[in-house]
Amino acid sequence: MNKWIKKLIMLVMAFGLVMSSGMGMLNMHTVNAEETDPTLERIKKSGKLVVGTSADYAPYEFHTTEHGKDKIVGFDIEAAREIGKQLGVKTEIQEMSFDALLGAVKTGKVDVVVAGMTETPERAEEVNFSKPYFVDKNVVLTLKQNKEKWSTLKQIRQAKLAAQVSSKQDDIAHDITDKKVVSLKKITDEVTQLNQEKVDGVVVASTTAKSYLEQSDQFAVSPAKLPGISNGSSVVMNKNATVLQSKVNKILDDHIIGEPLQKMQDDAIELMNKKESFVSKYSPYFVKGTLYTIGLAVIGVFFGIILGILFALMKLSSIKVFKWLASAYIEAVRGVPLLIQVFIVYFGTQAIGLHISSFLAGAIAMFLNSAAYVAEIIRSGIQAVPDGQTEAARSLGFTKSQTMRYMILPQAIKNILPALGNEFVTVIKEGSVVSVIGVGELTFQTSVVQGASFKPFIPLIITAVIYFILTFGISRLLNLFEKKLRKSDKTLG
Amino acid sequence: MAILEIKNLHKEYGKNTVLKSINATVEEGDVIAILGPSGTGKSTLLRELNMLEYPTSGAVIFEDQDITKASEAGLDKIRQDLGMVFQSFNLFPNMTVLDNVKIALTKVKGIADDEATATAKQFLEKVGVVDKVDVYPASLSGGQQQRVAIARALAMNPKIMLFDEPTSALDPEMVGEVLKTMRELAQEGMTMLVVTHEMGFAREVASKIWFMSDGDMTAYDNPVSFFENPNSERAQNFLAKML
């Protein structure tokens, strides 16, 4: 314990040292007029601009299929590619949930965020914003039949509103209604709530509202003029990216704002309205998502088992320190939600200087989590073998470890395997949690399809069916397997 | 010649005293029946002779060595000389009958596989279950399982055999076959300590009786004197109930 605290303190101190020396350099450079900054340096060194976005916000950024392949498109994305081009590097798009974006740019997971994000004083304390490249009004999207009911600001004070959590629209919604605001992660979820009349209106950018109007005639835009009026979309960068900031501002002025952006928007809307059958357009997402989900579960359980065996043996050992460490790990992991563990691994690896992909981070979080449960399964499986077996073996002169190897483990496996199968089923379902860091598994792909198709409900049903087939199929297989084990008990053993 | 000496062996579980400073000697070739009412420490005494349980104090001297103070590795060696048979057989359910007998020969003694197979078969033949070598224990009757367990212990060529209520878990019709095996063993001169409730067996086969009650032990060097003239009230009460 002490050792860890010491390490932590050293880490914090080292961080402080780097920060202060960085500041010192910063000061020196200001005198000579800066030429670069850490983020720009990194971009130049790697030859690519890593752009973070949350692609569920058509026509800003959304998924589409091109020649059967999935692609993130939208005018934000086009603008980001233009910035990359002007900087002379390749552009790489990295997707994650909207509320993970600021963390990603602060820890350096991504170089910039282009996600229709608006500058607010709170955000400006954490990150740097470029000048706004696009200014959009916010409006209240309602159902057509209720349009009259919510046509003035006064009426809207009584409306129940939804908005995307930690967005500018969320702030506005809080200002204009006296009712409690429903803050959700995804626009599609908000629109679903509107559809089901769980909320009276959704505060969205007018561009987004327009796309919903084009998709379906059940919506309408309230004519009420919202205060705070416009929200400009800016490129978001790390606080240290001061040179990059001015470069981006110049690129925006010279190459994006005005006519080029208008064209990008027209292209995006055209892509958005491309007609194709639901199945041919979106089945690749579900296939890909299913494969990722299975992959995550296999990796999670496989490494979970290896680590779980280690922890189980530690917990069963007579050495107090091992026992204590294993118990502490198991209790800690089981006592913290997987969602939080996923974020800790994702941002934590970055903070200590490890650059790993979101899939790898997700897989690591999954198996670190699974290991705790597997350890308990193995421990109880081992303890379920009768003491008489150990006594018989020891009385014959077998050592402790021989007894474990030849008598206990082979018998424990019969208790353990069925429970491990159940763990596999659990892991398949829990894998949905890692969608928050943008791992393209089934749940993630579902929200992609929801966003791209403007159909909030159908994709959910399809996903539920896929999950069910996976988990039910595996449980049936396990049942057969268990029966076979029991059968061999009768005829052979 | 004394092969095993028990000196002031004392055992407490918390506040409960199970064995009260037991002193006894086992001579080579002795067949000792350990008798007494349930819960008086018979099994505990037996299990402390090969350190499956550790005494609170006292010593167990086997071949001039106090095995209560032996190292873990030393004990693994000593236990090979002290065969043990359990009430619940404790065969390894994941192995065939042959492997049950063979595995300690190959893995503990390091005997070559074909030689171990031959030895195992020889002892399975001795206890009369050689026709079952390839089946798993679960498909054997209780009597057969216990005889396999005896063969498993014998195959290690122990100097003493410890039997912990070997027939208590058996159906009545199977008790005889196990006792027969044990009787043959006694006739061959094996040193045996048997915790049992089989009075007939004790009377016919045992050369000595250890009578236990409430953690005390009284040794009778002649079974006849125990059965015909037990000079203690406890022993009289016990015999009155059992016979």
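This is a predicted model: local features need pLDDT of at least 70, side-chain atom pairs count only at pLDDT 80 or more; totals for chains, interfaces and linings use all residues.
**View 1. Chain A as a whole.** Start here to get your bearings before zooming in. Chain A is built from 19 helices and 13 strands. Its C-alpha trace spans about 85 × 60 × 45 Å along the principal axes. Of the 493 residues in chain A, 49% are buried. The accessible surface of this chain comes to about 24100 Å², and carbon and sulfur atoms account for 63% of that surface. Among the contacts in chain A with a separation of 6 or more, 75% join residues 24 or more positions apart.

View 2. Look for Tyr60(A) in the loop that runs between β2 (56–57) and β3 (61–66) of chain A. Is this tyrosine, Tyr60(A), buried or exposed? Tyr60(A) counts as buried because its relative accessibility is 1%, and the cut-off for buried is under 20%. Leaving aside neighbours within four places in sequence, Tyr60(A) is in contact with a run from Val73(A) through Gly74(A), Phe75(A) and Asp76(A) to Ile77(A).

**View 3. Gln450(A) in helix α18.** Here the focus moves to Gln450(A), which sits in helix α18 (residues 442–453) of chain A. Gln450(A) has a relative accessible area of 4%, so this glutamine is buried. Not counting residues up to four places away in sequence, Gln450(A) touches Thr188(A) and Asp189(A), and also Lys455(A), Pro456(A), Pro459(A) and Leu460(A).

**View 4. Where chain B meets chain A.** This view takes in both sides of the contact. Chain B brings 26 residues to the contact and chain A brings 20 residues. Asp76(B), Phe92(B) and Lys107(B) together supply 24% of the area that chain B buries against chain A, more than any other three residues. The area buried between the two chains is about 1900 Å², with 60% of it from carbon and sulfur atoms.

View 5. How many salt bridges does the rule find across the interface of chain B and chain A? There are 3 salt bridges. One pairing to pick out is Arg394(A) with Glu72(B), whose side chains meet in a salt bridge at 2.8 Å, N to O. The count of residue pairs in polar contact between chain B and chain A is 7, with both residues at pLDDT 80 or more. On the side of chain B that touches chain A, α2 (72–79), β6 (82–85), α3 (97–107) and α5 (142–154) each supply at least two residues. The residues on that side of chain B divide into 15 nonpolar, 5 polar and 6 charged.

View 6. Asn8(B) lies in strand β1 (residues 2–13) of chain B. Its phi is near 50°, a positive value in a residue other than glycine. With 44% relative accessibility, Asn8(B) counts as partly exposed. Met51(B) is found in the loop between α1 (42–47) and β4 (57–62) of chain B. Phi of Met51(B) is near 60°, again positive in a residue other than glycine. At 1% relative accessibility, Met51(B) counts as buried.

Notes:
Residues are numbered from 1 along each chain as its sequence is written. Chains are lettered from A and ligands numbered from 1 in the order in which they are written. Side-chain values use heavy atoms; hydrogens and water are left out. Helices (H or I, at least four residues) and strands (E, at least two) are DSSP runs, numbered from the N terminus. Buried means under 20% relative accessible area, exposed over 50%, partly exposed in between (1.4 Å probe, protein chains only). Contact means heavy atoms within 4.5 Å. Buried area is the accessible area (1.4 Å probe) that two parts lose on being put together, summed over both. A salt bridge is a side-chain nitrogen of Lys or Arg within 4 Å of a carboxyl oxygen of Asp or Glu. A polar contact is a pair of N or O atoms within 3.5 Å; within protein, one must be able to donate a hydrogen and the other to accept it, and residues adjacent in sequence count only if both atoms are side-chain atoms. Ala, Val, Leu, Ile, Met, Phe, Trp, Tyr, Cys and Pro count as nonpolar, Asp, Glu, Lys and Arg as charged, and the others, Gly among them, as polar. Accessible areas come from the Shrake-Rupley method with a 1.4 Å probe; for residues, only the protein chains shown count as cover.
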